[in-house]
Amino acid sequence: MRFCSNCGTSLVLKEIEQRQRAYCPECRRVYYEQLKIGAGALIELDRKILLLKRTKEPFAGCWNLPAGYVEVDESPVQAVIREVYEEVGLRVEVTDLVDVYFFNDDPRGNGILVVYHCVVREGALIESDEAVAPTYFFSKDIPANLSGGGHDQAIRAWQKLYT
Ligand SMILES: [Zn+2]
(Lines give C-alpha, C1' and ligand atoms only; values in the text may rest on other atoms or scores of the structure.)
Protein backbone atom coordinates (compact mmCIF):
# COMPACT_ATOMS: atom_id res chain seq x y z
CA MET A 1 0.00 0.00 0.00
CA ARG A 2 1.44 3.39 -0.99
CA PHE A 3 -1.27 5.90 -0.10
CA CYS A 4 -3.41 6.41 2.97
CA SER A 5 -6.86 4.91 2.36
CA ASN A 6 -8.31 7.55 4.67
CA CYS A 7 -6.85 10.79 3.23
CA GLY A 8 -4.78 9.86 0.17
CA THR A 9 -1.46 11.13 1.54
CA SER A 10 1.67 9.21 0.53
CA LEU A 11 2.61 6.78 3.26
CA VAL A 12 6.07 6.90 4.81
CA LEU A 13 8.03 4.23 6.62
CA LYS A 14 8.36 4.87 10.32
CA GLU A 15 9.77 2.80 13.14
CA ILE A 16 6.85 1.84 15.35
CA GLU A 17 7.01 -0.95 17.94
CA GLN A 18 10.44 -2.15 16.75
CA ARG A 19 9.51 -2.42 13.08
CA GLN A 20 9.47 -0.24 9.99
CA ARG A 21 5.78 0.27 9.27
CA ALA A 22 3.77 2.20 6.68
CA TYR A 23 2.49 5.36 8.33
CA CYS A 24 0.33 8.33 7.29
CA PRO A 25 1.92 11.53 8.58
CA GLU A 26 -1.37 13.36 8.04
CA CYS A 27 -3.79 11.16 10.02
CA ARG A 28 -1.04 9.47 12.04
CA ARG A 29 -2.53 6.13 11.12
CA VAL A 30 -0.28 3.04 11.21
CA TYR A 31 -0.81 0.42 8.51
CA TYR A 32 -0.02 -2.90 10.15
CA GLU A 33 0.81 -5.72 7.76
CA GLN A 34 -1.39 -8.72 8.32
CA LEU A 35 -1.17 -12.40 7.51
CA LYS A 36 -3.39 -13.80 4.78
CA ILE A 37 -5.86 -16.42 5.94
CA GLY A 38 -6.70 -19.51 3.93
CA ALA A 39 -9.02 -22.41 4.68
CA GLY A 40 -8.43 -25.92 3.39
CA ALA A 41 -10.32 -29.21 3.40
CA LEU A 42 -8.96 -32.59 4.38
CA ILE A 43 -11.40 -35.01 2.78
CA GLU A 44 -10.73 -38.69 3.40
CA LEU A 45 -12.22 -41.71 1.69
CA ASP A 46 -11.17 -45.28 2.51
CA ARG A 47 -7.80 -44.17 3.93
CA LYS A 48 -7.19 -41.92 0.94
CA ILE A 49 -7.04 -38.12 0.75
CA LEU A 50 -8.48 -35.81 -1.92
CA LEU A 51 -5.92 -33.65 -3.74
CA LEU A 52 -6.15 -31.39 -6.79
CA LYS A 53 -3.58 -30.12 -9.23
CA ARG A 54 -3.20 -26.33 -9.40
CA THR A 55 -3.30 -24.78 -12.85
CA LYS A 56 -2.16 -21.27 -11.89
CA GLU A 57 0.90 -19.64 -10.37
CA PRO A 58 2.14 -19.75 -7.72
CA PHE A 59 2.69 -23.50 -7.47
CA ALA A 60 1.23 -24.28 -10.91
CA GLY A 61 1.32 -28.03 -11.55
CA CYS A 62 1.61 -28.83 -7.85
CA TRP A 63 -0.92 -30.73 -5.77
CA ASN A 64 -2.92 -29.27 -2.93
CA LEU A 65 -6.01 -29.61 -0.79
CA PRO A 66 -9.23 -27.95 -1.89
CA ALA A 67 -8.77 -24.51 -0.34
CA GLY A 68 -8.86 -20.76 -0.79
CA TYR A 69 -8.63 -17.42 0.91
CA VAL A 70 -11.16 -16.51 3.57
CA GLU A 71 -13.23 -13.48 2.51
CA VAL A 72 -13.61 -10.59 4.96
CA ASP A 73 -17.27 -11.34 5.65
CA GLU A 74 -17.11 -15.07 6.19
CA SER A 75 -15.73 -17.46 8.78
CA PRO A 76 -13.03 -20.00 7.89
CA VAL A 77 -15.65 -22.76 8.13
CA GLN A 78 -17.92 -20.95 5.67
CA ALA A 79 -14.92 -20.34 3.40
CA VAL A 80 -13.89 -23.97 3.25
CA ILE A 81 -17.44 -25.13 2.46
CA ARG A 82 -17.66 -22.56 -0.35
CA GLU A 83 -14.22 -23.32 -1.77
CA VAL A 84 -14.74 -27.07 -1.86
CA TYR A 85 -17.97 -26.58 -3.78
CA GLU A 86 -16.38 -24.11 -6.22
CA GLU A 87 -13.25 -26.16 -6.83
CA VAL A 88 -14.49 -29.73 -6.88
CA GLY A 89 -18.30 -29.60 -6.82
CA LEU A 90 -18.79 -31.37 -3.49
CA ARG A 91 -21.13 -30.25 -0.71
CA VAL A 92 -19.28 -30.92 2.53
CA GLU A 93 -19.86 -30.69 6.24
CA VAL A 94 -17.00 -29.59 8.48
CA THR A 95 -16.46 -32.07 11.32
CA ASP A 96 -13.38 -30.80 13.14
CA LEU A 97 -10.22 -28.75 13.01
CA VAL A 98 -7.06 -30.54 11.87
CA ASP A 99 -4.48 -27.81 12.49
CA VAL A 100 -3.36 -24.29 11.60
CA TYR A 101 -0.21 -23.95 9.48
CA PHE A 102 1.93 -20.85 9.16
CA PHE A 103 3.59 -20.34 5.76
CA ASN A 104 6.20 -17.91 4.42
CA ASP A 105 6.79 -19.47 1.00
CA ASP A 106 3.96 -17.89 -1.01
CA PRO A 107 5.01 -14.93 -3.18
CA ARG A 108 1.59 -13.34 -2.53
CA GLY A 109 2.44 -13.02 1.14
CA ASN A 110 2.83 -14.87 4.42
CA GLY A 111 -0.21 -16.35 6.04
CA ILE A 112 -1.91 -19.16 7.85
CA LEU A 113 -3.85 -22.08 6.40
CA VAL A 114 -6.65 -23.38 8.61
CA VAL A 115 -7.34 -27.02 7.73
CA TYR A 116 -10.59 -28.80 8.58
CA HIS A 117 -11.72 -32.39 8.32
CA CYS A 118 -14.69 -32.40 5.97
CA VAL A 119 -17.20 -35.10 5.11
CA VAL A 120 -18.86 -35.23 1.70
CA ARG A 121 -22.66 -34.98 1.85
CA GLU A 122 -23.44 -34.79 -1.86
CA GLY A 123 -22.12 -33.94 -5.29
CA ALA A 124 -19.74 -35.44 -7.80
CA LEU A 125 -16.15 -34.40 -8.50
CA ILE A 126 -15.67 -31.68 -11.12
CA GLU A 127 -12.72 -29.66 -12.37
CA SER A 128 -12.49 -25.87 -12.18
CA ASP A 129 -10.38 -23.10 -13.73
CA GLU A 130 -7.87 -23.22 -10.91
CA ALA A 131 -7.77 -26.91 -10.07
CA VAL A 132 -7.91 -30.04 -12.16
CA ALA A 133 -7.62 -33.81 -11.78
CA PRO A 134 -9.22 -34.20 -8.33
CA THR A 135 -7.93 -37.57 -7.13
CA TYR A 136 -8.04 -39.61 -3.92
CA PHE A 137 -4.53 -40.76 -3.03
CA PHE A 138 -3.29 -43.42 -0.66
CA SER A 139 -0.51 -42.15 1.58
CA LYS A 140 2.19 -44.01 -0.38
CA ASP A 141 0.98 -42.57 -3.70
CA ILE A 142 0.94 -38.89 -2.79
CA PRO A 143 2.89 -36.92 -5.43
CA ALA A 144 6.21 -35.34 -4.44
CA ASN A 145 5.36 -31.94 -5.92
CA LEU A 146 3.05 -30.42 -3.34
CA SER A 147 2.03 -26.76 -3.22
CA GLY A 148 3.50 -24.47 -0.59
CA GLY A 149 1.29 -22.06 1.29
CA GLY A 150 0.80 -24.58 4.10
CA HIS A 151 -0.50 -27.36 1.84
CA ASP A 152 2.73 -29.34 1.85
CA GLN A 153 2.83 -29.18 5.66
CA ALA A 154 -0.78 -30.32 6.04
CA ILE A 155 -0.52 -33.13 3.48
CA ARG A 156 2.76 -34.47 4.89
CA ALA A 157 1.34 -34.42 8.42
CA TRP A 158 -1.60 -36.53 7.20
CA GLN A 159 0.78 -38.80 5.29
CA LYS A 160 2.76 -39.49 8.47
CA LEU A 161 -0.36 -40.88 10.14
CA TYR A 162 -0.49 -43.68 7.57
CA THR A 163 3.16 -44.62 7.15
ZN1 LIG B 1 -4.01 9.67 6.08
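Guide: Let us begin with charged pairs: this structure, which is a predicted model, holds six salt bridges.

Visitor: Why is the pairing of Arg 82 with Glu 83 called a salt bridge?

Guide: The term requires a side-chain nitrogen of Lys or Arg within 4 Å of a carboxyl oxygen of Asp or Glu. The closest N and O atoms of Arg 82 and Glu 83 are 3.2 Å apart, so the pair qualifies. Arg 82 and Glu 83 also belong to a network of salt bridges that includes Glu 74 and Glu 86.

Visitor: Which residue forms a salt bridge with Lys 140, and how do you know?

Guide: The partner is Asp 141, with the closest N and O atoms 3.4 Å apart; this value is within 4 Å, so the pair counts. Lys 140 is called exposed because its relative accessible area of 68% is over 50%. Asp 141 has 38% and is partly exposed.

Visitor: Why is Asp 152 said to have no salt bridge?

Guide: The nearest side chain of opposite charge, Arg 156, is 4.2 Å away. A salt bridge needs a distance within 4 Å, so Asp 152 has none, although this residue is buried. Asp 152 lies in helix H2, residues 151-161. Apart from neighbours within four places in sequence, Asp 152 is in contact with Asp 105, Leu 146 and Ser 147.

Visitor: Let us turn to the metal. What makes the site of the zinc ion tetrahedral?

Guide: Four donors count as tetrahedral if all angles lie between 85 and 135 degrees. The angles among the four donor atoms here are 104 to 113 degrees, so the site is tetrahedral. The ideal angle for four tetrahedral donors is 109.5 degrees.

Visitor: How do you know which atoms are donors to the zinc ion?

Guide: An N, O or S atom must lie within 2.8 Å of this metal to count. The SG atoms of Cys 4, Cys 7, Cys 24 and Cys 27 are at 2.1 to 2.3 Å, so they are donors. The donor residues are spaced C-x2-C-x16-C-x2-C in sequence.

Visitor: Why can Cys 7 and Cys 24 be said to tie parts of the chain together?

Guide: Cys 7 lies in the segment before strand S1 (12-16) and Cys 24 in strand S2 (residues 19-24), so the pair joins parts that are 17 residues apart in sequence. Cys 24 is buried, at 0% relative accessible area, while Cys 7 is partly exposed, at 36%.

Visitor: How many helices and strands does the chain have, and how many of its residues are buried?

Guide: There are two helices and ten strands, in the order β-β-β-β-β-β-β-α-β-β-β-α. Of the 163 residues, 40% count as buried.

Notes: Residues numbered from 1 in each chain as written. Predicted model: local features only at pLDDT ≥ 70, side-chain atom pairs only at ≥ 80, totals over all residues. Heavy atoms only, no water. Helix = DSSP H or I, 4+ residues; strand = E, 2+ residues; numbered from the N terminus. Buried < 20%, exposed > 50% of the residue type's maximum accessible area, 1.4 Å probe, protein only. Lys, Arg positive; Asp, Glu negative; His and termini not counted. Contact = heavy atoms within 4.5 Å. Donors = N, O, S within 2.8 Å, 3.2 Å for Na, K, Ca; no water. Tetrahedral: all angles 85-135°; square planar, octahedral: opposite > 155°, others 65-115°.
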